[in-house]
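Subject: A structure for you to explore

Hi there,

Here is the structure I promised to pass on, with some notes to read beside it. Please open it first and keep it in view as you go.

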Amino acid sequence: MPRLLEDNIISLLNGECNDVLSLMVDVNSKRIHENITYSKNVFLPLTDICRNECGYCSFRRNPEDPGARILMKPSDAMNDIILADRYGCREALFAFGEHADETLQVSHALEDLGFGSMLEYLYFLCDETLTKTNLLPHSNPGILKKSELKYLREVNASMGLMLETTSQRIMKTVAHKKSPGKEPKLRIETIENAGKLKIPFTTGLLIGIGETVEERAESLLEIRRLHDKYGHIQEIIIQNFKPKPGIPMQDFREPSLVEMVKMVAVTKLLFPDVSVQVPPNLNRDSAQIFLMAGADDWGGVSPVSKDYVNPEAPWPELDELKNITEEMGFQLEERLPVYPEFLSEEFLSPRILEKIKGIP
């Protein structure tokens with residue numbers, strides 16, 4: 001990536017107030033369409049046991065913790081998915097703690113069900129989803145080997161892994177020092193292998209966990225490098241850190257609105273060919289501003305499940321989402337978990353393509 005481009009991005013991210021306004025005008029002058037998309041989904045947290053102990057996470061539990069979800073039962077998962085189908089949802093979002101099956105309690109629970117690993121169980125649930133409903137699986141299983149990605153590709157319309165940051169320095173801070181799965185090289189390798197396998201992929205950055213402006217720029221440029229090489233990035237999430245009681249980073253400052261606006265605008269300028277998402281439930285009061293900064297997707301919004309990663313932040317009702325979108329002069333449009341430009345034999349397994357053809 002040319003150094004001139006990197007320097008320019010850093011300059012934009014460091015810009016003053018007037019520069020931010022000019023940046024927003026520039027972004028909107030380059031806007032390709034007036035539609036703001038979202039995916040109607042159901043969130044399925046298969047387990048909240050995780051090998052990582054991130055300083056900002058309130059999702060993870062230890063097996064002995066009261067209320068820990070060792071493993072979501074197949075019947076419970078399918079009941080939620082079938083209910084979501086009745087509500088017209090089209091995305092089954094599967095998420096779980098990374099390498100959870102390294103924990104004895106999770107491993108034993110899987111064995112009791114006849115599965116040898118979390119990935120086998122995930123594959124089974126994705127297969128059941130495709131067989132019994134009109135939902136399409138989108139999985140966020142953490143760091144995977146290339147062979148594991150290939151295995152799951154057959155039953156997933158898309159997959160995702162947040163890069164979060166390329167900063168090796170953050171691995172020594174409270175954010176990631178107890179999280180081997182947040183090693184930047186490992187996450188980049190997973191995203192790159194997804195590119196080699198032509199898997200439509202969602203990634204993104206977590207803003208406000210101690211990274212510098214320069215590190216934010218470097219992280220964006222790394223995603224741009226991967227997309228230029230493989231063309232598989234369908235969506236970039238710019239997510240703001242939110243302090244919560246009880247987490248190690250509860251006293252950290254969350255990124256300001258100006259910081260987030262600059263990040264969203266610069267991301268859209270750098271990725272005119274990729275959707276940019278800002279989670280609306282984490283930004284209820286400022287969501288409309290991000291539309292003016294270049295965001296063009298609200299991500300997954302569920303009428304049947306909460307955001308288990310941010311349970312304190314409920315999803316907006318679809319009527320509310322429609323209103324705040326149209327008030328800014330845009331049109332709200334529902335999408336599948338895989339974007340239209342990836343609906344081809346190059347990016348999807350024959351089974352997924354056939355399924356999409358039959359979805360009402």
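Let's start with a question: is Asp297 buried or exposed? Asp297 is buried, with a relative accessible area of 1%. Here, buried stands for under 20% relative accessible area, exposed for over 50%, and partly exposed for anything in between (1.4 Å probe, protein chains only).

Two notes on the basis of all this. This is a predicted model, in which local features need pLDDT of at least 70 and side-chain atom pairs count only at pLDDT 80 or more, while totals for chains, interfaces and linings use all residues. Residues are numbered from 1 along each chain as its sequence is written, and side-chain values use heavy atoms, with hydrogens and water left out.

**Salt bridges**

Side chains of opposite charge can pair when their charged atoms come close. A salt bridge is counted when a side-chain nitrogen of Lys or Arg is within 4 Å of a carboxyl oxygen of Asp or Glu. By that rule, the whole structure has 24 salt bridges.

Asp297 takes part in one of them, with Arg335, at 2.8 Å from N to O. Asp297 belongs to strand S8 (residues 297–301) and Arg335 to the loop between S9 and H12, so this pair ties together parts that are 38 residues apart in sequence. Helices (H or I, at least four residues) and strands (E, at least two) are DSSP runs, numbered from the N terminus.

Arg335 also meets Glu235 in a salt bridge, at 2.9 Å from N to O. Glu235 sits in strand S6 (residues 233–240) and Arg335 in the loop between strand S9 (331–334) and helix H12 (350–357), so here the parts tied together are 100 residues apart in sequence. Glu235 is buried at 4% relative accessibility, and Arg335 is buried too, at 10%.

Now look at Glu320 and Arg284, whose closest N and O atoms are 2.9 Å apart in another salt bridge. Glu320 is in helix H11 (residues 318–326) and Arg284 in the loop between strand S7 (275–277) and helix H10 (287–292), so the pair links parts 36 residues apart in sequence. Glu320 is partly exposed at 29% relative accessibility, and Arg284 is partly exposed at 37%.

**An arginine without a salt bridge**

Find Arg31 in the loop between helix H2 (17–29) and strand S1 (35–47). Arg31 is buried yet has no salt bridge, and the nearest side chain of opposite charge, Glu34, is 5.0 Å away. For charge, Lys and Arg count as positive and Asp and Glu as negative, while His and the chain ends are not counted. What does the side chain of Arg31 reach at 2.5 Å? The backbone oxygen of Leu291. Contact means heavy atoms within 4.5 Å. Leaving aside neighbours within four places in sequence, the contacts of Arg31 include Ile36, Leu291, Asp296 and Phe330.

**The nonpolar cores**

A nonpolar core is a set of buried Ala, Val, Leu, Ile, Met, Phe, Trp, Tyr and Cys residues joined through side-chain atoms within 4.5 Å. The largest one has 85 residues, of which Leu44, Leu46, Phe94 and Ile238 touch the most other members. Another core, of 10 residues, lies apart from it, with Tyr38, Trp298, Val301 and Leu321 among them. Not counting residues up to four places away in sequence, Phe94 touches Leu44, Leu46, Ile81 and Leu122, among others.

**Cysteines**

A disulfide is a covalent bond between the sulfur atoms of two cysteines. How many disulfides does the count come to? With the cut-off set at a pair of cysteine sulfur atoms within 2.5 Å, the count is zero. The sulfur of Cys54 is 6.0 Å from the closest cysteine sulfur, in Cys57, which is too far for a bond. For Cys89, the closest is in Cys126, at 16 Å, again too far for a bond. Cys54 is buried at 10% relative accessibility, and Cys89 is buried at 0%.

**Two backbone angles**

Most residues other than glycine have a negative phi. His99, however, has a positive phi, near 50 degrees, and Lys198 has a positive phi near 60 degrees. His99 is in the loop between strand S2 (91–96) and helix H4 (104–113), while Lys198 is in the loop between helix H7 (184–196) and S5.

Enjoy exploring!

Notes:
Polar contact = N/O pair within 3.5 Å; in protein donor to acceptor, adjacent residues only side chain to side chain.
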